[in-house]
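Here are my notes on this one, point by point. Have a look at the model first, then read on.

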Amino acid sequence: MVVGYARTSTADQIAGFQAQLRELKAAGCEKTFQEQVSSVAERNQLQAALDYVREGDIFVVAKLDRLARSVADLMAILQALESKRVGVRILNLGMDTQTPTGKLMLTVLGAVAQFEREMMLERQREGITKAKSEGRYKGRKPIDAERRQNILKLAAEGATRTSIARQLGIGEATVYRILAAGRSQEP
C-alpha cells in the first residue's frame, strides 16, 4: 500500500497543503494522513501513519521538511520505517530509500536542511540582539488588562489553567505567568 503524509505549520497555508495533497494523490497514495501543526508540536497524524504502515508499504511525503524537524528526527523516523520494512519516497527530491543511493542522499540532505535551519535561527538571534541594542526591539505585545482580569476571574471561579487558556485562546504558559504575577501583587 502507498501511504501519504501531508503537513503544514498553520491553517493559513491552505494552498501549500492542497498542493501536497494533490501530489500525494498523483503519486498513487491510497491512504493519506494529514495535519496542520508545527513540526515542533506533537504530530499525532504522523504517529498514526507510522503506526499504520506495515511491511512492503511505501510511505510518501511531498517534501522532506514536511516529515522531519532535524536530522535526528529524520533518522529516527527512517529507522522506525526501515525496521517495519517500509520504503520512503520524497517526491520533490525524486528520492526513494528502497535504493542505497536514495538512502544516502536523504541522509545528506537532512543534514544540510538542519544546518540551514540552525544558521537561520542564529541570524534571527543576532538580529534580535542588534535590534535590542538599538532600542528597536520591543518584544511581544503584552496581554491587555481586560484579558488579564478575565484570567484572574476564571481562576478565582475554579477554572483550570488549561480550560482558561482554551477559553481565551491563549497559551497555558501565559495563564501561569499572569496568575503568578497576580499572586506576587497580593498583600
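1. Which residues does R43 touch, not counting residues up to four places away in sequence? They are Y5, R7, E35, V37, S38, L67, A68, R69, D73 and I77, where touching means heavy atoms within 4.5 Å. R43 sits in the loop between strand 2 (31-36) and helix 2, and counts as buried because its relative accessibility is 9%. The cut-offs are under 20% relative accessible area for buried, over 50% for exposed and partly exposed in between, with a 1.4 Å probe and protein chains only.

2. A word on provenance: this is a predicted model, so local features need pLDDT of at least 70 and side-chain atom pairs count only at pLDDT 80 or more, while totals for chains, interfaces and linings use all residues. Residues are numbered from 1 along each chain as its sequence is written, and side-chain values use heavy atoms, with hydrogens and water left out.

3. Now the sheet: five strands, open, in the order 2-1-3-4-5, with mixed pairing. Strand 2 and strand 5 are the edges, each pairing on one side only. Helices (H or I, at least four residues) and strands (E, at least two) are DSSP runs numbered from the N terminus, and two strands pair if DSSP finds at least two bridges between them.

4. Strand 1 (residues 2-8) runs parallel to strand 2 over six bridges, with A6 opposite Q34. Strand 3 and strand 4 are also parallel, joined by four bridges, and V61 stands opposite I90. The chain gets from strand 3 to strand 4 through helix 3, a right-handed β-α-β crossover; with the strands pointing away from the viewer, that path runs clockwise from the first strand over the helix to the second.

5. Strand 4 and strand 5 (residues 95-96) are antiparallel, over two bridges, and R89 has D96 as its bridge partner. Their hairpin has four residues between the strands, and G94 there takes a positive phi near 60°.

6. Helix 3 deserves a look. V71, D73, L74, I77, L78 and L81 are buried in it. Seen down the helix 3 axis they fall within an arc of 160° (taken from the directions from the axis to the C-beta atoms), so they line one face. The face turned away carries the exposed A72, Q79 and S83. Cover for the buried residues of helix 3 includes helix 2 (44-52), strand 3 (58-61), strand 4 (87-90) and helix 4 (100-133). After helix 3 comes R85, with a positive phi near 60°.
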